[in-house]
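Welcome, and please open your viewer before reading on.

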Amino acid sequence: MKEPKDPLEFLETSLNVNRRDFLKGSAALAAGSLVGIDATREAKAFAYEPYPRDDELTTVPTSCAHNCGSRHMLVAHKKGDVIVRLSTDDGRYQKDGEFGKDTFEEPQLRACLRGRSYRSRLYSPERLLHPMMRVGKRGEGKFKRVSWDEALTHVAKEMIRIRDTYGPTALVDQSYAGASYGVLHKSDQIEGLLGRFMGMFGCRTNSWSVPSYQGTTFSSRITFGTIEDGNEDDAFAFSKLIIMWGWNPAYTFHGGNTFYYMRMAKQKGCKFVLIDPQYTDSASTYDAWWIPIRPNTDAAMMAGMAHYIFTNNLHDQDFIDTFVQGMDAGTMPDWAQGQENFKDYILGNYDDQPKTPEWAAEICGVSADDIKKLARMYATTKPAALKASWSPGRNAYGEQYNRMAAALQAMTGNIGVLGGCAEGVGKAWHAEAVAYPYDQYANTWFASIKSDRWAHCVLNYPNVKREEIGLWPRTDELDGVIPNIKGIFWQGSDWFNQLTNINKEIAAINKLELVVCMDSTITPSGLYADVLLPIATHFERHDVALPWYKGHYYIHRPKVIEPMGESKTDFQVFTELAWRIGGEKFGRTYNPKAGRDYFDNPDPVDEAYLVDWWHKVQSHQGVEMSWEEFKNTGSYKFKLDRPHVAFQDIVESRMQNGQWQTSSGKIEIFSTQLAQTKDFTRTAWGYPIPAIPKWIEPWEWLGEKEKIKKHPFHMISPHPRWRTHSIFHNIPWLRETYDQELTMNASDARKLGLKTGDTVEVFNDRGKCIVPLYVTERCMPGVVVLHEGAWLDLDQEGDDLSGNPDVLTLDEPSPAGAFAYNTVLCDVRKSDKAHRPGWDQLATARSHVFRRDL
Amino acid sequence: MTQLALVIDLNVCVGCHACVTSCKQWNTSGWAGPLPDQNPYEADPSGTFFNRVQTFEIGKFPNTETLHFPKSCLHCEEPPCVPVCPTGASYKREDNGVVLVDYDKCIGCKYCSWACPYGVREFDEKNKVMKKCTLCIDRITDMTLPEAERKPACVLSCPTNARLYGDVHDPDSEVSVAIRERGGYQLQPEWGTQPANHYLPRRKVRIHIHEDELVRSDNPLVKEDLAALPEDVDTLDDVAW
């Protein structure tokens with residue numbers, strides 16, 4: 001059979017075809033048959049027969065590739081250069097694998113609803129297939145198709161001009177793990193391919209705070225000295241009590257096989273508790289006791305629990321004395337005698353306000369009895385896992401919630417024991433993560449700011465104080481220099497759509513002189529770009545997939561199909577730009593294994609990097625499987641001697657003074673670093689952070705009596721199940737399965753005279769979005785829920801018709817850099833406008849140049 | 001006679017929809033496809049799905065419950081959709097009990113969907129033909145596959161293994177055992193349709209935890225007798241679930 005000449009042209013006619021049309025056109029298509037139609041067979045209506053059976057297709061194991069919370073196997077079944085079908089792990093694609101193999105040690109990595117829909121994304125009409133340059137106004141979405149040469153010449157010239165005119169901080173890199181999470185083709189906020197390229201180029205303002213969990217990262221680093229405070233999934237199976245604090249794995253699939261092991265815990269009698277403003281599917285599945293809590297008040301409730309535990313002597317004093325600094329007066333370091341310790345803060349010895357359950361109840365809306373009951377459950381059930389998830393940390397003082405959780409985990413001795421939990425960030429097993437070149441340029445930057453402050457910086461330059469943008473300190477003359485931002489690069493990131501306070505971003509972006517968007521599809525961010533560069537998806541390039549924070553396996557990601565259209569990988573684009581800007585010297589420094597021809601033929605070079613990486617895996621991780629065998633097998637699943645539990649070695653050895661990676665070597669509830677910081681304006685945090693965890697009142701919340709007169713609802717914006725942030729928003733299957741809607745409690749809806757299906761506008765002083773209403777008993781009164789990631793779709797008046805919550809959020813991060821996504825007051829009323837669930841035909845007409853089906 | 005069917009464990013399902021998209025993935029590219037999408041980019045996107053998850057909410061705040069209910073054709077032993085079909089397009093296979101539609105005979109009159117008490121027939125608006133779950137007939141009868149792999153796509157995809165598949169007429173099959181031992185039930189048996197698919201009910205877990213399980217053996221509080229529960233305090237099992 002002949003290969004189709006142009007796979008794209010071929011797909012166009014065959015993917016969306018219905019069978020009657022397909023048969024009409026079958027003579028014309030016979031040359032390059034997608035599905036193996038045998039022209040000699042009798043034609044029947046809708047007869048796809050012989051439909052492509054798996055043994056007529058080439059089977060290629062690969063994986064999904066986004067920043068969702070897990071990493072599962074996808075198995076592509078292809079004919080020629082077209083993926084006809086995707087399936088998932090069935091136990092075969094591993095060492096000693098066989099169909100149906102699914103064990104406690106090596107469970108199958110079964111893909112979720114998003115992964116199983118991936119073919120719709122791969123072949124979506126929103127795919128970017130050619131380089132484009134803007135011809136209209138920013139955001140208008142008018143582009144013309146250009147050659148790679150023209151696009152890259154423009155980008156290279158502008159980069160040089162901007163660097164030479166405005167200095168080494170004029171270009172911001174906004175790279176995120178959205179599209180390229182592999183060992184080689186890596187988009188990463190700090191050390192990815194883009195950051196290294198711009199650092200080497202000599203013009204880079206980095207964005208240091210991570211939207212998902214900066215408060216949590218701060219807490220884990222300050223308290224434990226590391227973000228590797230996580231257990232592997234299987235440790236959950238040994239818990240007697242699991243407290244899901246704002247955690248909903250049924251939506252996020254956090255961890256590769258969380259369901260499997262949590263179910264096992266339940267079967268062994270584990271009790272589950274959910275603390276969350278909304279009742280979740282996870283709570284339902286595990287029969288959890290739901291404690292509805294006012295958003296942003298988690299730290300207060302935890303303080304109330306700590307008070308109960310201390311005053312009833314339920315804490316593990318031996319654990320505290322051995323491993324913890326600053327939990328009480330006895331564990332304060334000598335140099336800090338007289339400074340505040342955690343227990344005396346909780347008991348109210350400094351401010352005459354004991355943080356009793358009754359005190360906490362007033363703040364967080366949970367009854368004091370429930371707080372006591374939960375405190376007792378947690379302190380007396382051993383082992384118990386308090387899983388302090390990330391989302392409650394995405395608030396005005398998010399780090400205080402995570403630090404307070406760490407204090408509870410430590411005082412009950414649930415750290416370093418199987419079935420306990422110290423998460424936090426929750427990074428567990430350590431993977432060999434880097435196959436791309438890694439050197440002194442890996443994280444070179446000339447300014448680094450809190451990520452959602454770029455618009456503030458652009459709009460107010462030069463009248464910006466360093467603490468307002470969280471400027472990271474330096475030891476050279478660039479310390480404290482406010483960056484004069486003139487350009488942005490987006491790689492693997494739809495940040496314009498995903499950062500806070502979008503209307504402020506829109507005002508800021510018009511002041512920029514270069515905006516480059518590198519992505520595999522058009523995105524709301526892309527509409528605001530000057531240059532759109534089409535990037536190959538992970539099906540179209542060679543790589544290896546890493547587990548995402550939890551899991552101990554590698555999945556081979558071969559180049560399943562050739563890049564669609566003129567797509568290139570990020571690595572190809574940066575290498576080519578390096579050659580264009582700095583000739584062979586820059587080119588070879590950036591990509592040492594490649595010559596100029598890498599832009600046209602990347603395969604041998606990519607293979608060479610991956611082979612080197614595999615050698616590291618073999619020598620560092622005791623893997624005997626050869627690279628060739630790994631490629632043929634599809635995945636490598638590690639078998640660990642026992643479930644990986646963070647800090648277990650330290651706790652089991654019961655070493656006095658511990659070996660935590662903090663400056664004291666202990667779990668620092670009282671932080672040495674914070675206590676010794678004299679001038680917070682000179683730190684990246686910018687504003688003071690107390691040395692011990694404390695409840696600090698957020699700037700917008702339901703306890704703010706004045707503000708709720710105007711804006712009576714607190715809005716939270718958790719992850720949806722049917723998207724990974726903004727990725728997959730354009731997938732028909734998922735669109736048909738779920739609606740973007742505002743969730744509201746029935747009693748609130750009654751008061752407002754609203755019912756399910758009404759179109760409402762959600763608004764505050766920062767913006768407004770239009771969205772259908774869903775009335776439920778599963779959400780606490782006073783709180784509304786709107787899932788993040790809808791694709792921005794502005795009407796003439798600037799209102800967002802898609803229901804994107806970030807037109808309402810505030811671009812004011814916490815001192816530690818936590819995005820305040822969940823610190824939002826708003827109001828809701830019935831709207832005359834029509835909600836647009838996606839970019840409908842009118843909206844997509846703006847981007848029609850990207851669409852193959854129009 | 002063999003009667004193939006699904007048995008779905010509602011106690012395990014988290015409502016994740018992986019079965020929904022896996023079903024669509026397999027069937028839109030297989031014998032029973034395509035499964036077209038209508039207006040995916042406009043208001044009220046809809047499309048053809050052989051398998052859907054319906055979600056029900058129970059109770060009043062804060063004592064709420066959620067039930068996810070995956071539903072596809074139940075492959076009735078007495079399928080009401082078959083006798084109403086004017087063209088004989090709707091039929092039940094004699095060898096394995098799977099209810100199917102012959103697209104070549106179907107005229108799209110929708111009588112069968114009126115007759116079906118479960119609302120599981122899926123009209124393909126694009127091709128004007130009635131479609132429905134085939135139990136992945138092109139997989140389960142594909143003799144080129146090893147027997148272990150002849151399972152519907154949804155069963156192979158479920159991340160929580162909530163979906164079982166087999167012959168409900170064979171008393172020793174996995175599905176029959178599950179139905180017998182775990183209270184498997186049919187949907188609306190009063191219709192007399194005898195659906196072959198069964199559901200395993202939600203079960204609340206109320207397991208009493210033993211004292212020695214609660215307390216870590218090396219916990220110093222035990223030695224000092226500080227961890228004993230005061231008698232007037234609620235225990236774990238008194239929590240209002």
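Here is a short tour of selected sites, helices and strands.

This is a predicted model, in which local features need pLDDT of at least 70 and side-chain atom pairs count only at pLDDT 80 or more, while totals for chains, interfaces and linings use all residues. Residues are numbered from 1 along each chain as its sequence is written, chains are lettered from A and ligands numbered from 1 in the order in which they are written, and side-chain values use heavy atoms, leaving out hydrogens and water.

**Stop 1: a serine in a loop**

Select A:Ser389, in the loop that links β12 (384-388) to α17 (398-411) of chain A. Helices (H or I, at least four residues) and strands (E, at least two) are DSSP runs, numbered from the N terminus. Is A:Ser389 buried or exposed? A:Ser389 is buried, at a relative accessible area of 7%. Buried means under 20% relative accessible area, exposed over 50%, and partly exposed in between, using a 1.4 Å probe and protein chains only.

Now show what surrounds this serine. Beyond the neighbours within four places in sequence, A:Ser389 is in contact with A:Trp245, A:Gly246, A:Trp247, A:Tyr401 and A:Asn402; contact means heavy atoms within 4.5 Å. Look at A:Gly246 in particular: its backbone oxygen is 3.2 Å from a polar atom of the A:Ser389 side chain.

**Stop 2: two cis peptide bonds**

Step back to A:Lys382 and A:Pro383, which are joined by a cis peptide bond with omega about -5°. A:Pro383 sits in the loop between α16 (368-380) and β12 of chain A.

Next, select A:Tyr461 and A:Pro462, where a cis peptide bond has an omega of about 0°. Here A:Pro462 belongs to the loop between α18 (454-460) and β14 (487-491) of chain A.

**Stop 3: positive phi values**

You will find A:Asn501 in the loop between α19 (495-498) and α20 (502-509) of chain A, and A:Asn501 is buried at 8% relative accessible area.

Move to chain B and pick B:His17, whose phi is near 75°, a positive value in a residue other than glycine. B:His17 lies in the loop between β1 (4-9) and α1 (18-28) of chain B and is buried, with 7% relative accessibility.

**Stop 4: a sheet with a helix on it**

Back in chain A, colour the strands of an open sheet of 3 strands, in the order β17-β18-β19 with antiparallel pairing. Its edge strands, each pairing on one side only, are β17 (543-545) and β19 (635-637) of chain A. From one strand to the next, the twist averages 15°.

Zoom in on β17(A) and β18 (residues 553-557) of chain A, an antiparallel pair with 3 bridges; two strands pair if DSSP finds at least two bridges between them. A:Ala545 has A:Ile555 in β18(A) as its bridge partner. Axes are lines fitted to C-alpha atoms, for helices over the stretch in contact, and angles run from 0 to 180 degrees between N-to-C directions.

**Stop 5: two packed helices**

Finally, select α7 (residues 193-201) and α21 (residues 570-590) of chain A, which pack at an angle of about 25° with their axes 10 Å apart. Residues that meet across this pair include A:Phe197 in α7(A) and A:Phe574 in α21(A).

Definitions and conventions
Polar contact = N/O pair within 3.5 Å; in protein donor to acceptor, adjacent residues only side chain to side chain.
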